[in-house]
Amino acid sequence: MKTRKLTIGLCLLLAPLFAAPASADEADSRAQKQMKKMDANRDQSVSLEEFTTHRRAWAAKQTDPEMRMQPDVVQRAFGRVDRNRDGGISHDELRESLKASKKPT
Ligand SMILES: [Ca+2]
Ligand SMILES: [Ca+2]
C-alpha cells in the first residue's frame with residue numbers, strides 16, 4: 001500500500017515536468033525552460049537541493065494535500081532524471097527524461 005502511494009506521489013510529482021509526449025525539439029526547449037527555472041546558481045546543472053527547492057515551491061501552490069510530497073519521493077524523482085548519478089541534472093539528462101516520457105504507442 002505504501003508503495004502504491006509512493007508511485008502515485010511520484011507520478012504527481014513528475015506530472016508538470018513530463019506532462020505530455022514530447023518530440024525531440026519540444027523536449028529540448030522544455031528542458032531549457034526547466035533548467036532556467038531550477039538551476040538557481042546557473043552552473044548548468046540542477047543539484048538535488050535546487051531540484052527540491054523548485055519542487056517544494058511547486059507543491060506549495062497545490063491545494064490538494066495528496067500533491068504535497070515526501071522528501072524520499074523527491075529524491076527518487078531526482079534519481080530517475082540524474083542518469084549518470086553525479087548528483088546533478090544536466091540539460092541533456094533533463095531532455096532525455098522528457099523524451100523518455102513519450103508514451104509507448
Ligand atoms: Ca545549479
Ligand atoms: Ca547527472
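Predicted model: local features only at pLDDT ≥ 70, side-chain atom pairs only at ≥ 80, totals over all residues.
Local features here need pLDDT of at least 70 and side-chain atom pairs count only at pLDDT 80 or more, while totals for chains, interfaces and linings use all residues. Residues are numbered from 1 along each chain as its sequence is written, and chains are lettered from A in the order in which they are written.

The chain has five helices and two strands, taken as DSSP runs (helices H or I, at least four residues; strands E, at least two) numbered from the N terminus. Their order from the N terminus is α-α-β-α-α-β-α.

Now the helix pair. Axes are lines fitted to C-alpha atoms, for helices over the stretch in contact, with angles from 0 to 180 degrees between N-to-C directions.

| Item | Value |
|---|---|
| H2 | residues 24-38 |
| H5 | residues 91-100 |
| H2 and H5, angle | about 130° |
| H2 and H5, axes apart | 8 Å |

That angle makes H2 oblique to H5 (under 35 degrees is roughly parallel, over 145 roughly antiparallel, 65 to 115 roughly perpendicular, the rest oblique). Residues meeting across the pair include Ala24 and Met35 in H2, and His91 and Leu98 in H5.

On to Ser45, which sits in strand S1 (residues 45-47). Ser45 is partly exposed because 18 other C-beta atoms lie within 10 Å (20 or more would be buried, 12 or fewer exposed, with C-beta atoms placed from the backbone). Its C-alpha atom is 7.2 Å from that of His91, 46 residues apart along the chain.

Terms used:
Contact = placed C-beta atoms within 7 Å.
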